[in-house]
Amino acid sequence: MNTTPLPDPKDRPARLTVGVVGAGRVGPALAASLQLAGHRPVAVSGVSDASRRRAAALLPDVPLMAPAEVLQRSELVLLTVPDDALPGLVAGLAETGAVRPGQLLVHTSGRYGARVLDPALRAGALPLALHPAMTFTGTPVDVQRLAGCSFGVTAPEELRLAAEALVIEMGGEPEWIAEDRRPLYHAALALGANHLVTLVAQSMELLRTAGVAAPDRMLGPLLGAALDNALRSGDAALTGPVARGDAGTVAAHIEELREHAPQAVAGYVAMARATADRALAHGLLKAELGEDLLGVLAEGRPSGTGAGGSSGPGGGPAPGDPADPHGPPGPTAPEDPTDPDDPRGPEGDDR
């Protein structure tokens, strides 16, 4: 147990010694970014072989050691562990006396704000929540991706400027998130980023089954344009059979999915319903077409069409509307290697 207090923050040199607890995909990348800004990584902890390799690649010559030793050496500590492990880790470090007065303690969880660090705050630490809204690979490219990356920042008011300054030093853009809005903020990122990966993986597998040799090449321009349009125009960017009210086409999609990829039906129907609701609310989908479409989504075939669910009038793609595949088989998402230092959190936070 080391009870030697750190220098008062106002007397501390501008450059800090940096430690990382949890060498998943995020911690080493953030420490490497801080190193580029002139700070000095001095210690890192990691459990798995994969985490140790990441630390060696991104933080060469920085020694591996136990978490308590990382805190002993560091003025700024990055706690980059899974969300569910964070409260216990903080409590344990505080109870064992590893936390020192004046020490900057930063976690990168999207779910939690600064209050999860209260045990460390009572021990005299300075708590900061800095969540990069980015997906990480565990390679040096992550450091480059931090340029212009938004960070969800939560901290006591008196530490707000310090928190925002650290984000800027890493090349990021600070975005203040109130403590009680952190779960909602995190859910929004998960909805947009993590679910997008699932949708794209499903789409690629369906295209492969439909005979497309390079689904990534086919989807790249389409998805890039769709994302750009959505970010610029929101719901006004909606296209496709649901937004048009093509109930026959949607019924054909569901029939094909039931035959070839039943595991994809629930997701297709749920997203189609959400799309229909938004299209109706924004006046993009006519009410009379919406009624028939919602009937399809409830029962799998439109009223007024044959039992085969074939497209009714207007069931094909609209001119100028990019690919409306009603393709086959569904996906099996690739398994992620289990790494205790590297949870794949929602909304682009792969710690």
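Which exposed residues does the face of α4 turned away from its buried side carry? They are G88 and E95, and the points below put them in context.

1. A word on the model before the details. This is a predicted model, in which local features need pLDDT of at least 70 and side-chain atom pairs count only at pLDDT 80 or more, while totals for chains, interfaces and linings use all residues. Residues are numbered from 1 along each chain as its sequence is written, and side-chain values use heavy atoms, with hydrogens and water left out.

2. Here is the overall make-up. The protein chain has 13 helices and nine strands; these are DSSP runs numbered from the N terminus, helices being H or I of at least four residues and strands E of at least two. Of its 351 residues, 46% count as buried (buried means under 20% relative accessible area, exposed over 50%, partly exposed in between, with a 1.4 Å probe and protein chains only). Contact means heavy atoms within 4.5 Å. Among contacts between residues at least 6 apart in sequence, 68% join residues at least 24 apart.

3. Now to the sheet. Seven strands form an open sheet in the order β2-β1-β3-β4-β5-β6-β7, with mixed pairing (two strands pair if DSSP finds at least two bridges between them). At the edges are β2 (40-45) and β7 (173-176), each pairing on one side only. On average, neighbouring strands are turned by 25° against each other, direction ignored. Strands β1 and β3 run parallel and are joined by four bridges; V20 has L78 of β3 as its bridge partner.

4. Helix α8 (residues 182-209) touches β4, β5 (126-132) and β6 (150-154), and its direction makes about 20° with that of β5. For such angles, axes are lines fitted to C-alpha atoms, for helices over the stretch in contact, and values run from 0 to 180 degrees between N-to-C directions.

5. Back to α4, residues 86-95. Its buried residues are L86, L89, V90, L93 and A94. Seen down the helix axis they fall within an arc of 125°, so they line one face of α4; the arc is that of the directions from the helix axis to the C-beta atoms. Their cover includes β1 (17-21), α3 (67-73), β3 (76-79), β4 (104-107) and α5 (118-122). Just after α4, G97 takes a positive phi of about 80°.

6. A94 is worth a look on screen. Leaving aside neighbours within four places in sequence, A94 is in contact with V99, P119 and A120. The C-alpha atoms of A94 and L117 are separated by 9.4 Å, with the two residues 23 apart along the chain.

7. Eight of the ten residues of α1 (residues 27-36) are buried, so α1 is largely enclosed by the rest of the structure. After α1 comes G38, with a positive phi near 105°.

8. Finally, the cores. A nonpolar core is a set of buried Ala, Val, Leu, Ile, Met, Phe, Trp, Tyr and Cys residues joined through side-chain atoms within 4.5 Å. The largest has 34 residues, and those with the most contacts inside it are L76, L78, L128, L130 and F151. Helix α1 gives the most to this core, with five residues. A second, separate core of 21 residues includes V90, L93, L105 and A120.
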